[in-house]
Amino acid sequence: MRRITRWTIALVGAVTVGSASAHAQEPRLEGRIPEPARQTIDLLLDSARARGLPTEPLVDRALEGAIKGAPGDRIVAAVRRLAGELETARAVLGDASAAEELIAGASALRAGADPDALAELRRARPAQSLTVATSVLADLVAVGVPVDTAVSAVLSLATGAEDADYIAFRRNVERDVALGASPVAALGVRLDAVAAEADLGTGAGRTVAAPRKP
Amino acid sequence: MSEHDDWLAQAVEVLREPVRIDPALDRRVMAEIERGPAPDRPGWREVLRRPFGGQLAVTSPLGGLALAAAVALGALVGRTWLAPDSTEPPSTLGTMAASVAEAVQFVIVVPGATSVVLVGDFNDWSRTATPMRPADGDGVWAATVPLEAGRYRYAFLIDGTRWLTDPSAPRSLDDDFGPPNSVVTVGAT
């Protein structure tokens, strides 16, 4: 009986030690994140990995917190929040979405985009990467375009617009805003320009559909 | 804004334009590599011994660029041909060609700074990985980073203590730690 108890204790101990060391430690966090927080982040990374989420953006977020001198609990909170946003992004963009799509999708969600809007964007561009489209959405919100208007604009360009078209569109809106235009007016003017270009067929090979005004 | 500032802003705008490489270049390089060594190709020693009778003339910046590309291509392919004991092209070349990164130039004007470091998602937010170089004596600092398609957050660290965002790039809305970040989005090429 005593032998069985001893073996049981040894087995339980081995399993405990094994499970404790089973979770992978991210070497880039070592020495940069305060110790209790680092262990929690490692667990969050394990959890994300197990759910098939990209872990690189989570590591990046933790390292950003470290270089900016944020306290450990704040870094953990930020990593946890981002993991949640990545999971939501994947739920609406699809399991097959690339990591960079999820990162950009999470940014759009943080900007205030409705998950349904991202799902609609996926339906409109089923075979194309959404990285740039969703990133531009977040960027438009950042320059002051109301989120619903930005969503509508990005969706209106979704059929046929290439990544370069989205980036050029965003750059033009930003330039107009920098020159003093209101964000909504700048967006409207640039959408009109895209529509006119599409109508005239002067898109130099582009096939951007005429947008509907947000 | 003074005339000098205008000039700097224009210079920054020009420098910021991404360096785009012809997408067909990869295909041409790979086609050349896959074709393999021509049976009648002379050995490299023989090539070196040949008298050089050609005339080199670069008449335009574009011509210079094309020449530079040709030299780079030549160096790449030549390295394959010259590799000792090599019977087929190294497989790493295929990996390099398949992973398309765009050279993105970051530029910031910080008069009086003694050091400017570019930190972001692309370099693990490292204080040492990407120091920027002063482009001239007017406080213009620049760094070029190869980035694959994606969305990256970044900021400039001035003299090791002060954070700056990029005034000509979108601001990131997901700043969890106080000092804000800028965003660069690289599209698929």
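A: Just after α7(A), A:Gly144 takes a positive phi of about 110°. The model is a predicted one, and the predictor gives the complex an ipTM of 0.80 and a pTM of 0.68.

The helix itself comes next. α7(A) has 12 residues, and 17 Å separate its first C-alpha from its last. That span is close to the 16 Å expected at 1.5 Å a residue. Is α7(A) buried or exposed? 12 of the 12 residues of α7(A) are buried, so this helix is largely enclosed by the rest of the structure. The buried residues of α7(A) include A:Thr131, A:Thr134, A:Ser135 and A:Asp139, as well as A:Val132, A:Val136 and A:Val141.

Two further buried residues of α7(A) are A:Ala133 and A:Leu137, and A:Leu140 is another. These three residues, A:Ala133, A:Leu137 and A:Leu140, are among those with the most contacts inside the largest nonpolar core, which has 79 residues. Also listed there are A:Ala62, A:Ile75, A:Val79 and A:Val154. The element that gives the most to this core is α4(A), with nine residues. Not counting residues up to four places away in sequence, A:Val79 touches A:Ile41, A:Leu44, A:Leu58, A:Arg61 and A:Ala62.

In the model, 30 residues of chain A are in contact with 20 residues of chain B. On the side of chain A that touches chain B, two or more residues come from each of α3 (56-67), α4 (72-93), α5 (99-111), α7 (131-142) and α9 (163-178) of chain A. Which element gives the most to that side? With eight residues, α7(A) does. By class, the side of chain A that touches chain B is made up of 15 nonpolar, five polar and 10 charged residues.

The partner, chain B, should be read with its confidence values in mind. Chain B has a mean pLDDT of 66, and 48% of its residues reach 70 or more. Among its elements, the lowest mean pLDDT (30) belongs to helix α5 (residues 92-98) of chain B, and the highest (97) to strand β2 (residues 116-120) of chain B. The pLDDT is below 50 over residues 35-98 of chain B, a stretch with 21 contacts in the model beyond near neighbours in sequence.

Chain B contains five helices and seven strands, in the sequence pattern α-α-α-α-α-β-β-β-β-β-β-β. Of its 189 residues, 18% count as buried. Three strands of chain B form an open sheet in the order β1-β4-β3, with antiparallel pairing. Its edge strands are β1 (102-109) and β3 (133-134) of chain B, each pairing on one side only. Eight bridges join β1(B) to strand β4 (residues 140-147) of chain B, and B:Val107 has B:Ala142 in β4(B) as its bridge partner.

B:Pro146 counts as partly exposed because it has 13 C-beta neighbours inside 10 Å. Leaving aside neighbours within four places in sequence, B:Pro146 is in contact with B:Ala101, B:Glu102 and B:Ala103. The C-alpha atoms of B:Pro146 and B:Gln105 are separated by 8.6 Å, with the two residues 41 apart along the chain.

Definitions and conventions. Residues are numbered from 1 along each chain as its sequence is written. Chains are lettered from A and ligands numbered from 1 in the order in which they are written. This is a predicted model: local features need pLDDT of at least 70, side-chain atom pairs count only at pLDDT 80 or more; totals for chains, interfaces and linings use all residues. Two residues are in contact if their C-beta atoms, placed from the backbone, lie within 7 Å. Helices (H or I, at least four residues) and strands (E, at least two) are DSSP runs, numbered from the N terminus. Ala, Val, Leu, Ile, Met, Phe, Trp, Tyr, Cys and Pro count as nonpolar, Asp, Glu, Lys and Arg as charged, and the others, Gly among them, as polar. pLDDT is the predictor's confidence in each residue, from 0 to 100. The expected span of a helix is 1.5 Å times one less than its number of residues. A residue is buried if 20 or more other C-beta atoms lie within 10 Å of its own, exposed if 12 or fewer, and partly exposed in between; C-beta atoms are placed from the backbone. Two strands pair if DSSP finds at least two bridges between them. A nonpolar core is a set of buried Ala, Val, Leu, Ile, Met, Phe, Trp, Tyr and Cys residues joined through C-beta atoms within 7 Å.
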